[in-house]
Amino acid sequence: MTAPPVLKVEGLKKYFPVEKGFLRRVVGQVKAVDDVSLTIGAGETLGLVGESGSGKTTIGRCILRALDPTAGSIQFHIDDEKTVDMATISKREMRELRRYANMIFQDPYYSLDPRWTILDIVGEPLRLSKLAEGAELEDRVASLMDVVGLEAKHLRRYPHAFSGGQRQRIGVARALATNPRLIIADEPVSALDVSTQAQILNLLNDLQSEFGLSYLFIAHDLSVVEHISDRVAVMYVGKLVEVAPKDQLFFFPKHPYTEALLSAVPTPDPDVEKKRIILPGEIANPADPPSGCYFHPRCQYAQDRCREEEPALREIVPGQWASCHFAEELELVGAPQ
Amino acid sequence: MQDAPQVNQRGLSPAEPVIEIEDLSVHFALDEGALKAVDGVSFAIEERQMFGLIGESGCGKTVTAQSLMRLAPKPGRIVQGQINYHTEKGGLIDLASVDPAGAEIRDIRGNEIAMIFQEPMSSLSPIHSIGNQLMEAVLLHVTNSKREAYKIAVEMLDLVGIPNPAQRMEEYPHHFSGGMRQRVMIAMALSCRPRLLIADEPTTALDVTVQAQILDLIAQAQAQFHMAVLYITHDLGIIAEICDEVAVMYLGRIVERGSVHDIFHNPLHPYTRRLLAATPRIGQHAERLQVIDGTVPIPVGLPHACGFCSRCPEMIAGTCDTALPALVELEENHFVRCFLHDDRKELAI
């Protein structure tokens, strides 16, 4: 029997009401996240990819209760005795659980308060969870600085004294401060240059093996996701369209949207000949999604059934789930090997 | 008050350069000293060529592009070098020496040389309709007739793949998605049939499927209008897919220049090699990525030496940190600035 998953999300929904007029009448719902289920094992990295507006950030925010989900359950396995449903617990209980799950943000410039020293920033989660204070807190922050590769003597400096990559290290140190089990990393490297990006990705990898962390790694850059993930989930207009171990997903995709995404990733090799699939039109509007399969207006394989019937996410081959009526029949092309 | 442009009458055959940049330096005078954003950059772009300029943030690639249009922000100043532009009529004009607000550059800017930027929202005016903004450039450079300008604008919107172009002419930028706005920017840039298109990270803010659409559109437009394109990006994948020639910039200088094949399959400069190794590739299965230690220094008051030496594991102490290597043609059309390959120095001025 393997260890139970750290996180088990089932049927997660987050709808935002569309209001209109002076009386703020609700005229519709934006289904930002619509019936999403996923699991993250201990020490596992689940990559979550999708285009802007597909709802991947909303999932991350719902899991940490920065947003209250509309429906669904979020089972968080804290230790062998305790599993809680983070979707239904109160704000007060959530505050106590914050130490077990933390977040790393995209922009290392806006996510750090310019008027706080590094000691304040990295020490804040420790203070809030009442895990340490005073000299003990300072020691702990100094050792965290060491863990993420910064010099402990810079504790009393302000964020502006650090470069983008160093700031992201500070963000990582803050997320690690309370010894969490799960870290939700929302586009943690997309604002960084290639050389700095490689440093942060290596750091995240090292920390995972050292502390047995689980990551939900949200990103739009598929090469980065392929590098860091064990399994990958692909979102389109609020729904998961494919979930699979990364090699399966990247080389043997089962959903036409995954195929199109992969074909669009530029390959850093001028001799690789490949056919870019240019998707017609734009990503569907989650307030007014198309009938049937949300992807059908842009799908080159779409048939009548796709216009009428919404496909369910089902297991096509062991471990690989896709929501396409024709997942078994289509011979889709993966990334160039 | 007008500088007489250096005119050199000659017909252009297909492989003639459109623009030749020679030893261009752009410095920003700061209190701490001169910030050398661009420091002795030379390259040429031929007709119908897709020339890639790659580098990390702060390497000077955007200031180089802005200088070609004489749009470098203050207090940036061209302190030396030439930007020899071959005009449509066959003349030669040094854009580095013209008045940045003068008639000559205004005649070329947006007309013969057009530019598209990274952030399409901040490059469009929120209070003018798309149609008005598109027609402005056309009325300035192509025609005096509003009716004709309208026709050209609608044609251009159609060409860049915007559905219902006549209707969208009346709309404002906030009605458009990011990808659509970038299409409008491209329509605007193409509306005067430029000979050189400068694309400064035009897809960085866009999703990967939209990026594929825009790259496709730029390639189509290049084929249709026989434009030369200067494509600026930090994404090695895009360079590999669309460019013919590539220059790698680091700290205001070109450290390596050559065909896209040479840069990707026979990189010679340690920076180019490490940049390639630091880029994650699908199917690579590497546990760890190679990193470049340290960060890019700020180009103020640096010694006259190789800019990469402080981060280079192959640095030769006493050589790399005391003199600046010259950009040397090691193989045909493959230039490298590194003492590991050639000991020629570039003297301080």
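**Figure 1. The end of helix 1 in chain A of this predicted model.** Just after helix 1 of chain A, the residue A:Arg65 has a positive phi of about 60°. Helix 1 of chain A covers residues 56-63 and is mostly covered, with 7 of its 8 residues buried. The buried residues are A:Lys56, A:Thr57, A:Thr58, A:Ile59, A:Gly60, A:Cys62 and A:Ile63.

**Figure 2. Strand 1 of chain A and its partners, strand 2 and strand 4 of chain A.** Strand 1 (residues 7-20) of chain A runs antiparallel to strand 2 (residues 25-40) of chain A, and 11 bridges join the two. Within this pair, A:Lys20 lies opposite A:Arg25 of strand 2 of chain A. Strand 1 and strand 2 of chain A form a hairpin with 4 residues between the strands, where A:Gly21 takes a positive phi near 80°. Strand 1 of chain A also pairs with strand 4 (residues 71-77) of chain A, again in the antiparallel sense, over 5 bridges. Here the bridge partner of A:Val9 is A:Ile74.

**Figure 3. The open sheet of 8 strands in chain A.** The strands of chain A follow the order 6-7-8-3-9-10-12-11, and their pairing is mixed. Strand 6 (101-104) and strand 11 (314-317) of chain A are the edge strands; each has a single partner strand, so one side of each has no neighbour in the sheet. Ignoring direction, neighbouring strands of this sheet are turned by 25° against each other on average. Strand 10 (residues 239-245) and strand 12 (residues 320-322) of chain A are an antiparallel pair with 2 bridges. In this pair A:Val243 stands opposite A:Trp321 of strand 12. Helix 9 of chain A packs on the sheet and touches strand 9 (231-236) and strand 10 of chain A; the direction of helix 9 makes about 100° with that of strand 9.

**Figure 4. The surroundings of A:Val234 and the largest nonpolar core.** Which residues does A:Val234 contact, leaving aside its neighbours within four places in sequence? They are A:Val49, A:Gly50, A:Leu240, A:Val241, A:Glu242, A:His255, A:Tyr257, A:Thr258 and A:Leu261. A:Val234 belongs to the largest nonpolar core, which has 197 residues. The residues with the most contacts inside this core are A:Phe217, A:Val234, B:Leu196, B:Val229, B:Leu230 and B:Val248. Helix 7 (residues 178-190) of chain B gives the most to the core, with 8 residues.

**Figure 5. A:Pro159 in a loop of chain A.** A:Pro159 sits in the loop between helix 4 (134-147) and helix 5 (164-176) of chain A. Is A:Pro159 buried or exposed? A:Pro159 has 20 other C-beta atoms within 10 Å, and a residue counts as buried at 20 or more, so A:Pro159 is buried. Not counting residues up to four places away in sequence, A:Pro159 touches A:Leu112, A:Pro114, A:Arg167 and A:Ile170. A:Thr117 is 42 residues from A:Pro159 in sequence, yet the two are 6.9 Å apart in space, C-alpha to C-alpha.

**Figure 6. The contact between chain A and chain B.** Chain A brings 34 residues to the contact and chain B brings 35 residues. On the side of chain A, helix 6 (194-211), helix 7 (222-228) and helix 9 (256-264) each supply at least two residues. The largest share on this side, 7 residues, comes from helix 6 of chain A. Sorted by class, the side of chain A that touches chain B has 16 nonpolar, 12 polar and 6 charged residues.

**Figure 7. The open sheet of 8 strands in chain B.** In chain B the strands are arranged in the order 6-7-8-3-9-10-13-12, with mixed pairing. Strand 6 (113-116) and strand 12 (328-331) of chain B are at the edges, each with a single partner strand, so one side of each is left without a neighbour in the sheet. From one strand to the next, the twist averages 20°. Strand 10 (residues 253-259) and strand 13 (residues 334-336) of chain B pair in the antiparallel sense over 2 bridges. The bridge partner of B:Arg257 is B:Phe335, in strand 13 of chain B.

Note on methods: Residues numbered from 1 in each chain as written. Chains lettered and ligands numbered in written order. Predicted model: local features only at pLDDT ≥ 70, side-chain atom pairs only at ≥ 80, totals over all residues. Pairing = 2+ DSSP bridges. Axes fitted to C-alpha atoms, helices over the stretch in contact; angles between N-to-C directions. Contact = placed C-beta atoms within 7 Å. Nonpolar A, V, L, I, M, F, W, Y, C, P; charged D, E, K, R; others polar. Buried ≥ 20, exposed ≤ 12 C-beta atoms within 10 Å, placed from the backbone. Core = buried A, V, L, I, M, F, W, Y, C linked by C-beta atoms within 7 Å.
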